[in-house]
Amino acid sequence: MGRVNKKNEGIFVELVGGGGASAGAASGSTQAAGGAGYCKKTYSASALSATENYVVGAGATISGTTIASTGTDSTFKSMTASRGYSNSLGGGRVGGDGSATGGDINIHGQNGGVLGGSSHMGFGGNSNSGPSVSGQGYGAGASGNTSASSGANGTDGIVIITEYY
């Protein structure tokens, strides 16, 4: 958790949640994980307390062929950029996209498929053959795999707070 202090005319806030992880497979293949949601909003100084808390979403993690932890949401005040959803083990469901609420603009992440789902600030893992690959940037989902292998982690989210005077 972080904290921002009020000492300006206002702030501009952007959030991306954590990306989903891709479970590995002992045999066969798996689907990819989803990308996280994105939202942004401008707050005037009068809408802020002296200090405001925020949370940066973590990317989901794997341990061998299983999902060790789900990703988490990024939050600020009433804004939430939801995590991308991880896939299931052994070729099961595709990882779903993360949603976004409370911003002036709210954009869903991309569902996983063979390629990992992208977010507004990250590209999903790209692996058409072989093991799962983590995405790049913020809130990206890991790719699926086409061979027996361990999975790959989702990327962490981000909170960007820009002060204006």
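A salt bridge here is a side-chain nitrogen of Lys or Arg within 4 Å of a carboxyl oxygen of Asp or Glu. With that in hand, welcome to a set of close-up views of this predicted model.

**View 1. Asp-104 and Lys-41 meet through their side chains in a salt bridge.** The N to O distance in this pair is 3.6 Å, which puts the pair inside the 4 Å limit. Asp-104 sits in the loop between β9 (100-101) and β10, whereas Lys-41 belongs to strand β3, so the contact ties together parts that are 63 residues apart in sequence. Side chains of opposite charge can pair when their charged atoms come close. How many salt bridges does the rule give? The count is two, and the other pair is the topic of the next view.

**View 2. Glu-52 and Lys-77 form a salt bridge.** Their closest N and O atoms are 3.3 Å apart. Glu-52 is part of strand β4 (residues 51-55) and Lys-77 of the loop between β7 and β8, so this pair ties together parts that are 25 residues apart in sequence. Is Glu-52 buried or exposed? Glu-52 counts as buried because its relative accessibility is 10%, and the cut-off for buried is under 20%. Lys-77, by contrast, is partly exposed, with a relative accessible area of 40%.

View 3. Most residues other than glycine have a negative phi.

**View 4. Four strands form an open sheet in the order β10-β3-β2-β13.** The pairing is antiparallel. At the edges stand β10 and β13, each with a single partner strand, so one side of each is left without a neighbour in the sheet. From one strand to the next, the twist averages 15°.

**View 5. Strand β2 (residues 10-16) pairs with β3 and with β13.** The pairing of β2 with β3 (residues 38-44) is antiparallel and covers seven bridges. With β13 (residues 158-164), β2 also runs antiparallel, joined by seven bridges. For Ile-11, the bridge partner in β3 is Tyr-43. Strand β2 is mostly covered, with six of its seven residues buried.

**View 6. Eleven residues make up the largest nonpolar core.** Its members are Ile-11, Val-13, Leu-15, Cys-39, Tyr-43, Leu-48, Phe-76, Met-79, Ala-81, Ala-100 and Val-159. Which elements give two or more residues to this core? They are β2, β3 and β8. The largest share, three residues, comes from β2. In a regular strand the side chains alternate between the two faces of the sheet.

**View 7. Met-121 lies in the loop between β10 (105-107) and β11 (122-123).** This residue is partly exposed, with a relative accessible area of 24%. Leaving out residues up to four places away in sequence, Met-121 touches Glu-14, Val-16, Tyr-38, Gly-137, Tyr-138, Ile-158 and Ile-160. If you want a distance to check against the coordinates, Met-121 and Gly-102 are 18 Å apart in space, C-alpha to C-alpha, and 19 residues apart in sequence.

**View 8. Ser-132 makes polar contacts with the side chains of Ser-22 and Asn-145.** Where is Ser-132 found? Its place is the loop between β11 and β12 (136-137). The side chains of Ser-132 and Ser-22 make their polar contact at 3.2 Å, and a second one, of 3.3 Å, joins the side chains of Ser-132 and Asn-145. Ser-132 counts as buried because its relative accessibility is 11%, where the cut-off is under 20%. Setting aside neighbours within four places in sequence, the residues in contact with Ser-132 include Ala-23, Thr-30, Ser-143, Gly-144, Ser-149, Ser-150, Gly-151 and Ala-152.

How values were computed: Residues are numbered from 1 along each chain as its sequence is written. This is a predicted model: local features need pLDDT of at least 70, side-chain atom pairs count only at pLDDT 80 or more; totals for chains, interfaces and linings use all residues. Side-chain values use heavy atoms; hydrogens and water are left out. Buried means under 20% relative accessible area, exposed over 50%, partly exposed in between (1.4 Å probe, protein chains only). Contact means heavy atoms within 4.5 Å. Two strands pair if DSSP finds at least two bridges between them. A nonpolar core is a set of buried Ala, Val, Leu, Ile, Met, Phe, Trp, Tyr and Cys residues joined through side-chain atoms within 4.5 Å. Axes are lines fitted to C-alpha atoms, for helices over the stretch in contact, and angles run from 0 to 180 degrees between N-to-C directions. A polar contact is a pair of N or O atoms within 3.5 Å; within protein, one must be able to donate a hydrogen and the other to accept it, and residues adjacent in sequence count only if both atoms are side-chain atoms.
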